[in-house]
Amino acid sequence: MAQKDQPKPLMPHATATWLVDHTGLSFEQIAAFCGLHILEVQAMADDLAGSKYTGRDPVHAGELTLEEIEKGQADPEYALKMHKAPVEVTRTKGPRYTPVSKRQDKPDGIAWILRNHPEVSDAQISKLIGTTRNTIGAIRERSHWNIQNIQPKDPVTLGLCSQRELDAVVAKAAKRAGVTEEAETVVGEDNRSDKDKLIEELRAEREANVKAAAEAAQEAEAEAWLAQKRAAEAAGEDGVTPPDSVTPPAFAPSEPSEEEAVTAPEPEDDDNA
């Protein structure tokens, strides 16, 4: 029965209240015309609605005509047609409107933005919170008359703006600040991505592990060679023929030859001095 593309009254609940009180239209007709659920209309008729609405005359507002109401009263299946769609209310330019109950929270929200997002301009804060630049400057300079009681609080939590609006303002301010910072970038600054830095760190760590393993293997081989040589020397002193040759590793420490040992000067004896 309801027409899908038909606009709804400017104040649907108030209009439904008036139609219930002043016409003989069915609940279905009123609900369809106002875009409400039939149970809402029935609660208004039974005076059980949680909120009490003051009736709004749709005939005086130009949304319905008396002829249209009479057609609906004559035929319960008739769908009421909007005579003149309500004019959409558009927001005018100027400071953002804030309910009276929220206005005392504005300084807390301003202080939070100044502390956590200093890149946001005063004009952006003024438009987002609905305040003046004088108030923002007073809070920044701590000359506000109530500065002792101002506590920085998230304006989204306070209900002064939505998270989407705050994120959009911060992103816009950060982008503008990023352009300035990019112009002042120092030559030679490391601009690599985190992925490239991580790959380089892993490569350096792997090379260090390989080097440490090679050094450990060399030390183990040197110790084995020295132990084998000492065993061969001990066997020669006991009358056992030592092996023909013990090949030292390429990096084994060199020892003086027999010829160098014979020609080496003997230490002086303190008693013969």
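Contact here means heavy atoms within 4.5 Å. By that rule, His117 touches Trp112 and Val170, with residues up to four places away in sequence not counted. This is a predicted model, in which local features need pLDDT of at least 70, side-chain atom pairs count only at pLDDT 80 or more, and totals for chains, interfaces and linings use all residues. Residues are numbered from 1 along each chain as its sequence is written, and side-chain values use heavy atoms, with hydrogens and water left out.

**Overall make-up**

The protein chain has 13 helices and 0 strands. Helices (H or I, at least four residues) and strands (E, at least two) are DSSP runs, numbered from the N terminus. The chain has 273 residues, and 27% of them count as buried. Buried means under 20% relative accessible area, exposed means over 50%, and partly exposed lies in between (1.4 Å probe, protein chains only). Take the contacts between residues at least 6 apart in sequence: 62% of them join residues at least 24 apart.

**Helices H1, H2 and H3**

Helix H1 covers residues 12-22, and its buried residues are Ala14, Thr15, Ala16, Thr17, Trp18, Leu19 and Val20. They pack against H2, H3, helix H4 (58-61) and helix H5 (66-74).

H2 and H3 also meet each other. Phe27, Glu28, Ile30 and Ala31 of H2 are in contact with Ile38, Val41, Gln42 and Ala45 of H3. That contact holds 6 nonpolar, 1 polar and 1 charged residues. For these classes, Ala, Val, Leu, Ile, Met, Phe, Trp, Tyr, Cys and Pro count as nonpolar, Asp, Glu, Lys and Arg as charged, and the others, Gly among them, as polar.

**Two helix pairs**

The table sets out the geometry of two pairs. Axes are lines fitted to C-alpha atoms, for helices over the stretch in contact, and angles run from 0 to 180 degrees between N-to-C directions. A crossing is left-handed if the near helix is turned anticlockwise from the far one by less than a right angle, and right-handed if clockwise.

| Helix pair | Axis distance | Angle | Crossing |
|---|---|---|---|
| H2 (27-34) and H3 (38-45) | within 8 Å | roughly 120° | H2 passes H3 right-handed |
| H7 and H9 | 10 Å | about 65° | H7 passes H9 right-handed |

**H7 against H9**

From H7, Pro107, Ile110, Ala111 and Leu114 meet Thr135, Ile136, Ile139 and Arg140 of H9. By class, this contact has 6 nonpolar, 1 polar and 1 charged residues. Within H9, the buried residues are Ile136, Gly137, Ala138 and Ile139. H7 and H8 are among the elements that cover them.

**The second largest pocket**

Rolling a probe the size of a water molecule over the atoms shows where empty space is left. The search runs on a 1 Å grid over the protein atoms alone: a cavity is a set of points where a 1.4 Å probe fits but cannot get out, a pocket is an open set with protein on both sides within 12 Å along at least five of seven lines, and lining residues have an atom within 4 Å of a point. Grid points are joined across faces, edges and corners, and a volume is the space filled by probe spheres set on the points.

The second largest pocket has a volume of about 180 Å³. Its lining consists of Ala111, Leu114, Arg115, Ile139, Arg140, Arg142, Ile147, Gln148, Ile150 and Pro152. Helix H7 (106-116) and helix H9 (133-140) are the elements that give two or more residues to this lining. H7 gives the most, with 3 residues. By class, the lining splits into 6 nonpolar, 1 polar and 3 charged residues.

Arg142 lines the second largest pocket. It sits in the loop between H9 and helix H10 (155-158). Arg142 is exposed, because its relative accessible area is 56%. Its phi is near 60°, a positive value in a residue other than glycine. Most residues other than glycine have a negative phi.

His117 lies in the loop between H7 and helix H8 (122-130). With a relative accessible area of 18%, His117 is buried.

Ala123 belongs to helix H8. Its relative accessible area is 35%, so Ala123 is partly exposed. Arg133 is 10 residues away from Ala123 along the chain, and their C-alpha atoms are separated by 7.2 Å.
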